[in-house]
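Biologist: I would like to go through this model with you and ask, for each label, what value stands behind it.

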Amino acid sequence: MSQAFRLFNTLTGKIEPLNLIEPNHLRFYSCGPTIYSYAHIGNFRSFLTADLVLRTARAIGWKTTYVTNITDVGHLTNDDTMDPSGEDRMAKALQSSEGTRFANVWDLSRFYSDALQSDWQQLNLLKPDVQPRATEHIREQIQTIEKLISIGAAYVTTSGVYFSVDRFSDYGKLSGNQASEALEQAVRDVVVDPEKKDPRDFALWKKDDQHLMQWYSPWGWGFPGWHIECSVMAQCYLGDEIDLHAGGEDLIFPHHECEIAQAEALTGRPFSRHWIHTRFLQVEGQKMAKRIGNFFTVRDLVIEKGVEPLAVRLALISGQYHKPFNFTFSTLRDCERHIKRIREAYDATKNANDLGRQDQSSLADALTEKQHLILNALLDDLNTPAAIAHALDGVRTILKNKDSLGRQAHEHMTEISNLLGIVPQAALPPSDGHVSNVRGSIPKAEDSQTEIIEQMIQKRSIARRERDFSKADKIRDQLLEMNIEIKDSANGTTWEHKSKI
């Protein structure tokens with residue numbers, strides 16, 4: 001029997017063991033980003049929670065089916081107020097100063113999707129089994145909306161299709177927002193469709209034949225609502241009922257509440273048995289905001305400031321996921337020092353392993369005990385502060401015993417990598433038969449950045465040879481965005497970092 005894996009369940013307000021539908025098989029969905037810009041470090045704190053769940057589940061022998069989506073249409077600027085109005089975030093981004101370099105919204109989507117994958121790899125997150133896009137599942141969403149209409153759980157207006165909250169008695173069970181008067185008051189001032197039956201009702205489909213991204217449906221040209229996308233994609237790949245659903249705490253209401261309503265109104269079964277949510281990230285004691293200069297993306301830290309990517313990862317997981325966390329540059333500097341020592345310990349164990357040495361039994365026993373402590377901490381509601389403390393204690397033990405290291409010490413460092421993903425150059429976690437998008441070794445920040453830059457320059461050179469100057473110019477602009485200046489000459493193309501202001 002596998003060990004119990006306990007997580008805080010937002011649905012019950014308690015820390016509970018994951019109760020799987022199929023023994024030893026975790027079906028897991030985590031909400032991904034809307035790709036209208038670079039994902040920021042607060043987004044990645046949530047993505048890292050899902051990554052740690054995946055690693056821990058595999059460590060106790062569970063099979064995992066992990067799905068996390070990409071939202072590339074339908075997420076409106078007012079979706080946090082029951083989706084009554086607002087612009088599509090993708091379309092709005094195209095009209096921003098940053099969006100002017102893109103020919104259309106599809107190019108913007110591809111660019112930021114590629115950037116997400118690069119950042120994902122930099123922070124050593126495991127690749128999901130499926131990473132579906134909302135725009136690739138329009139047919140399934142339309143079919144689901146048709147079924148909701150047929151059972152009376154949704155209705156059509158002149159401007160769209162809405163879910164009828166009044167037809168789902170359990171609405172609010174995740175967030176606790178069950179008082180209809182309070183919900184109505186929260187959205188009364190922004191409701192723009194006079195045909196809505198209830199201010200709480202949320203959009204499943206928006207009729208809009210002028211939208212930049214639109215599809216034909218039984219209700220006319222338009223696009224899906226944000227909430228229907230996730231529940232449909234989750235059920236497409238994981239079934240009507242799933243084990244675990246994750247996301248940031250800002251998604252509890254209304255997004256996840258709406259997902260539950262749609263899915264359960266249709267199936268009559270629990271949509272997800274367990275819900276976990278990562279709390280907000282503060283930076284230097286304040287909410288992240290561009291206007292106060294504390295808003296950071298992964299590339300801001302890794303490329304602009306030259307921070308070791310795994311130090312960013314370590315900093316973001318150093319606070320337990322369901323407690324508020326204050327990200328500071330003091331913590332980041334400490335994490336860089338920790339990563340340096342972790343790398344030193346790994347190199348020492350690798351050299352000893354390559355020589356075929358064996359550990360002293362006392363050292364092997366001590367490291368085995370620390371492995372158990374790390375795993376047990378993660379099994380206890382992803383207690384990352386305790387897990388990291390035990391991991392660093394193991395690193396100190398290894399560095400104190402450099403002359404007596406052997407195979408077990410190397411296996412210990414590999415296990416730390418498997419569980420926490422913070423060991424530079426270590427072997428990757430077992431994939432359980434799934435393909436991973438992280439490489440066989442985790443490069444230093446400057447090595448990874450150089451590889452990305454040179455790949456982009458090579459693609460630009462090919463585009464120039466093929467006289468696709470629009471594509472070549474676009475790549476040049478992307479490099480400039482990364483603070484990279486290129487120079488073409490008869491001898492080829494060279495590049496350098498622009499001076500920082």
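Biologist: Why is Tyr 38 called buried?

Modeller: Buried means under 20% relative accessible area, exposed over 50%, and partly exposed in between, with a 1.4 Å probe and protein chains only. Tyr 38 has a relative accessible area of 14%, so it counts as buried. Bear in mind that this is a predicted model, in which local features need pLDDT of at least 70, side-chain atom pairs count only at pLDDT 80 or more, and totals for chains, interfaces and linings use all residues. Residues are numbered from 1 along each chain as its sequence is written, and side-chain values use heavy atoms, with hydrogens and water left out.

Biologist: What makes Tyr 38 and Phe 111 an edge-to-face pair?

Modeller: Rings of Phe, Tyr and Trp (its six-membered ring) pair if their centres lie within 6.5 Å, and planes under 30 degrees apart count as stacked, over 60 as edge-to-face and the rest as tilted. By this rule the count comes to 19 aromatic pairs. For Tyr 38 and Phe 111 the centres are 6.0 Å apart and the planes stand at 65°, so the pair is edge-to-face. Tyr 38 lies in the loop between strand S3 (25-30) and helix H1 (41-59), and Phe 111 in helix H3 (residues 105-122), so the pair ties together parts that are 73 residues apart in sequence. Helices (H or I, at least four residues) and strands (E, at least two) are DSSP runs, numbered from the N terminus. Phe 111 is buried as well, at 11% relative accessibility, and ring pairs link Tyr 38, Phe 102, Phe 111 and Tyr 112 into a cluster.

Biologist: Why is the pair of Trp 205 and Trp 219 called tilted?

Modeller: Their ring centres are 5.9 Å apart and the angle between the planes is 55°, which lies between the cut-offs for stacked and edge-to-face, so the pair is tilted. Trp 205 and Trp 219 are both buried.

Biologist: How do you know that Lys 197 lies over the face of Tyr 155?

Modeller: A charge sits over a ring if NZ of Lys or CZ of Arg is within 6 Å of the ring centre and within 35 degrees of the ring normal. Lys 197 is at 4.5 Å from the ring centre of Tyr 155, while the charged end of Arg 101 sits over the ring of Phe 111, 4.9 Å from its centre. Tyr 155 is in strand S5 (residues 154-156) and is buried, with a relative accessible area of 7%.

Biologist: What makes helices H11 and H13 roughly parallel?

Modeller: Axes are lines fitted to C-alpha atoms, for helices over the stretch in contact, and angles run from 0 to 180 degrees between N-to-C directions. Angles under 35 degrees count as roughly parallel, over 145 as roughly antiparallel, 65 to 115 as roughly perpendicular and the rest as oblique. The axes of H11 (residues 361-379) and H13 (residues 407-420) come within 10 Å and cross at roughly 10°, and the two helices are therefore roughly parallel to each other.

Biologist: Why is helix H9 said to be largely enclosed by the rest of the structure?

Modeller: Nine of the nine residues of H9 (residues 309-317) are buried, so the helix is largely enclosed; Arg 313 is one of these buried residues.
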